[in-house]
Amino acid sequence: MTVLSLGKDLLGLEPLSPDQIRLILDTAEPFKEVSERPIKKVPALRGKTIVNLFFEASTRTRISFEFAEKRLSADTVNVAAQGSSVQKGENLVDTARNLEAMRIDMVVVRHPSSGAAKFLAERIRSNVVNGGDGMHEHPTQALLDMLTIRDRMGRLEGLKVCICGDVSHSRVARSNIWGLTKLGAEVAVCGPQTLIPGAVGDLGVTVFRRIEEAIEWADVLNVLRLQLERMKAGYIPSLREYYRVFGVTLERLEHAPRDILILHPGPMNRGVEIDSRVADGPHSVILDQVTNGVAVRMAVLYLLAGGRPELADAAKGTDRGGGA
Amino acid sequence: MTHLESTLILDDAGVRRALEQMAGEIVALAGGTEGLVLIGIQRRGADLAHRLTRTIAEREGAEIPLGVMDITLYRDDLQTIGPRPVVGETRLPVDLDGKWVVIVDDVLYTGRTVRAALDQLADFGRPARIGLAVLVDRGGRELPIQADIVGSVVAAAPGDRVDVCVSELDGRDAVELVRGGKQ
């Protein structure tokens, strides 16, 4: 029997096999219960040091990773771009190498540049977890979305999931498309033409131009946050116009042929992409997503930390890009 | 792969008799069924604990609370063996404070699983006493841990493997010694 492993890093869902994705989701299930215990902690990662290296603002993801790390008994350090040597002009690799010189074991990195996590992973020995890189991937967000959907619907295979909103700029959308299609879900996207990439069909997804059509078709809507900067950049005429045309409202959901599960990766703009009555309504699993986020991240850290010795040796022995 | 020599230690009836004897000893050890809780270690220990509670219920007319515990996250060898593919369920149905807890497992070998189970139990509460019941004691301890109740003692060498089969998972009940099988 071959033992499945994730390898050294989690950079995205695109490089993972369906079995590897299932391994993470299955491992996350028992970790949910750990957070319900009187002592919310297990010693699995005792003695491991994990650095959360966040070059972009984040509340939910950073706190979720930190809870996951602490509940596995790892020691954690948070480094934010503000107030660190990054502000003095130090580059990503130098920052990480200096941290590594203090004998750390893992880095969770969030960075505004697509590919930053991979760039780092190829240059340091520690395990790297991508906590969101530019417009590329945000794998743990997609994994927690998938876990939440699987919990509620009992399966992913054959489900129809529509990702709504600013797909062009969204790493959450990309990771969701990779992960969901690998596990056999049907994926569609819906949003204004200016915010849907022209070649998105190449990823095997359907495009809906009207939110009503998406609601008619879908079992699940994953409603993305509309970044308010998009209006200034001219992608949409106004936030009110966006809400009128693409907002996921109670009135629109009332016309749905079936009960639709509503996800949102947060932070929400109530009254822009989503109606408050929907966000707080019975079909919303937005807070379940947050709860599941901790379990999924525990699973990822646990699987990477325990990485089989031969893989760890291989990663360390070859001095990957050490001179680059 | 070479064929390994396997000796049957307990057959179906042997496992049943051993469990019946263990059930009696557990009640005697705890001085009755008051406050008694059985906790099976995943996976086969959980099935054995379930059967022991059934036997005790039949004989004593008392429902014994049954918990299951997966000790994977408390192991001390994550680095050397790598993560177990899937961590099993941990479910402890009652508050353990002040209870008479008996941990149930299939095979007692190095004692490291029991060490992990004791650490995990300490994070769930403070039982009045904790005992250990195993179907097979195969020797080879690496920690100062002994069972209070043993169904069968098997003299196994370090290179041997003891397989416990339970009908719930394996379709039959048996204990087998596999020479050179490596546990």
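**Terms and their grounds**

Mentor: Of the 183 residues of chain B, 49% count as buried, where buried means under 20% relative accessible area, exposed over 50%, and partly exposed in between, with a 1.4 Å probe and protein chains only. This is a predicted model, in which local features need pLDDT of at least 70, side-chain atom pairs count only at pLDDT 80 or more, and totals for chains, interfaces and linings use all residues. Residues are numbered from 1 along each chain as its sequence is written, chains are lettered from A and ligands numbered from 1 in the order in which they are written, and side-chain values use heavy atoms, with hydrogens and water left out.

Trainee: What makes the radius of gyration of chain B agree with that of a compact globule?
Mentor: The radius is taken over C-alpha atoms, and the globule rule is 2.2 Å times the number of residues to the power 0.38. For 183 residues the rule gives a value near 16 Å, and chain B has 16 Å, so the two agree.

Trainee: How do you know that β5 and β6 of chain B are paired?
Mentor: Strands are DSSP runs of E, at least two residues long, numbered from the N terminus. Two of them pair if DSSP finds at least two bridges between them; β5(B) and β6(B) are joined by four, and run parallel. In β6(B), Ser152(B) is the bridge partner of Val136(B).

Trainee: Why are β3 and β6 of chain B said to stand at the edges?
Mentor: The open, parallel sheet has the order β3-β2-β4-β5-β6 in chain B. β3(B) and β6(B) each have a single partner strand, so one side of each is left without a neighbour in the sheet.
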